[in-house]
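Please read them beside the sequence and the structure.

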Amino acid sequence: MLVLADAIDQMNRAIASVVRWLALIMVLVQFCIVIGRYVFGYNSIAAQESVLYMHATLFMLGAGFTLLVDKHVRVDVFYAKVSDAARRRIDIFGHIFLLMPSMTALLYWSWPSVRNSWRILEGPISVGGIEAVFLLKTLIPAFCILILLQSLSILIRMFRKGPKA
């Protein structure tokens, strides 16, 4: 099982090492959009949408890595004040009863929309935009799957360590 967890972790690391470059590209494209609009009077809806696509890709595909390195948003009202054993129990509960079911539900309920989008090769959000909304919508199930897999990896490692005092 540890081999599976290692493979999942490596996959999310590899995806993150690629999508992290979108942050820089996004800034450069946005800079070019601003210069084009205010200096040259040129505007491109497709260029503006490309920033949206990159932003969505960065966050949706990078979420599994964020979970791997434990940098996701956490409300530390109780978590910060309890023992390591209690934190472990909270984490296990959160993964099994909150995170995994919510990702499964999101995957289940978003799939028909994604499937239909691919069936018709759904066009741009705005006139003159990128003709690939179906790719944008595909990020939703990809996000769910990456989070589910990373959650499984974390649970494998938690149960592998055994109970702590």
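1. The model is predicted, and every value below is computed from it. Ser151 belongs to helix α5, which covers residues 133–161. With a relative accessible area of 0%, Ser151 is buried, because the cut-off for that class is under 20%. Beyond its neighbours within four places in sequence, Ser151 is in contact with Leu67, His95, Leu99 and Met100.

2. Helix α4 spans residues 84–120, and its axis lies 9 Å from that of α5, at an angle of about 160°. The two helices are therefore roughly antiparallel, since angles over 145 degrees fall in that class. Their crossing is left-handed. The residues of the contact between α4 and α5 comprise 25 nonpolar, seven polar and three charged.

3. Two packed helices are described by the angle between their axes and the distance between the axes. For α3 and α5, the axes cross at roughly 10° and come within 7 Å. An angle under 35 degrees counts as roughly parallel, so α3 and α5 are roughly parallel to each other. Their contact has 17 nonpolar residues, four polar ones and no charged residues.

4. Which residues of α3 and α5 meet? On the α3 side they include Leu52, Tyr53, Ala56, Thr57, Met60 and Leu61, and also Ala63, Gly64, Leu67 and Leu68. Among those they meet in α5 are Val133, Leu136, Leu139, Ile140, Phe143, Leu146 and Ile147. Gln150, Ser151 and Ile154 are also on the α5 side of this contact.

5. Ala63 can be taken as one example from that contact. Ala63 is in helix α3 and counts as buried, because its relative accessibility is 15% and the limit is 20%. Not counting residues up to four places away in sequence, Ala63 touches Phe143 and Ile147. The C-alpha atoms of Ala63 and Gln150 are 9.4 Å apart in space, while the two residues are 87 residues apart in sequence.

6. Most residues other than glycine have a negative phi, and most peptide bonds are trans. Asp70 is not a glycine, yet has a positive phi of about 60°. Asp70 lies in the loop between α3 (45–68) and α4 and is partly exposed, with a relative accessible area of 43%. Leu121, also a residue other than glycine, has a positive phi near 50°. Leu121 sits in the loop between α4 and α5.

7. How many disulfides does the structure hold? The count is zero. A disulfide is a covalent bond between the sulfur atoms of two cysteines. Two of the cysteines can be described by their accessibility. Cys144 is buried, at a relative accessible area of 0%.

8. Is Val27 buried or exposed? Val27 is exposed, with a relative accessible area of 53%. Val27 has its place in helix α2, residues 21–38. From C-alpha to C-alpha, Val27 and Ile130 are 18 Å apart in space, and they are 103 residues apart in sequence.

Terms used. Residues are numbered from 1 along each chain as its sequence is written. This is a predicted model: local features need pLDDT of at least 70, side-chain atom pairs count only at pLDDT 80 or more; totals for chains, interfaces and linings use all residues. Side-chain values use heavy atoms; hydrogens and water are left out. Helices (H or I, at least four residues) and strands (E, at least two) are DSSP runs, numbered from the N terminus. Buried means under 20% relative accessible area, exposed over 50%, partly exposed in between (1.4 Å probe, protein chains only). Contact means heavy atoms within 4.5 Å. Axes are lines fitted to C-alpha atoms, for helices over the stretch in contact, and angles run from 0 to 180 degrees between N-to-C directions. Angles under 35 degrees count as roughly parallel, over 145 as roughly antiparallel, 65 to 115 as roughly perpendicular and the rest as oblique. A crossing is left-handed if the near helix is turned anticlockwise from the far one by less than a right angle, and right-handed if clockwise. Ala, Val, Leu, Ile, Met, Phe, Trp, Tyr, Cys and Pro count as nonpolar, Asp, Glu, Lys and Arg as charged, and the others, Gly among them, as polar. A disulfide is a pair of cysteine sulfur atoms within 2.5 Å.
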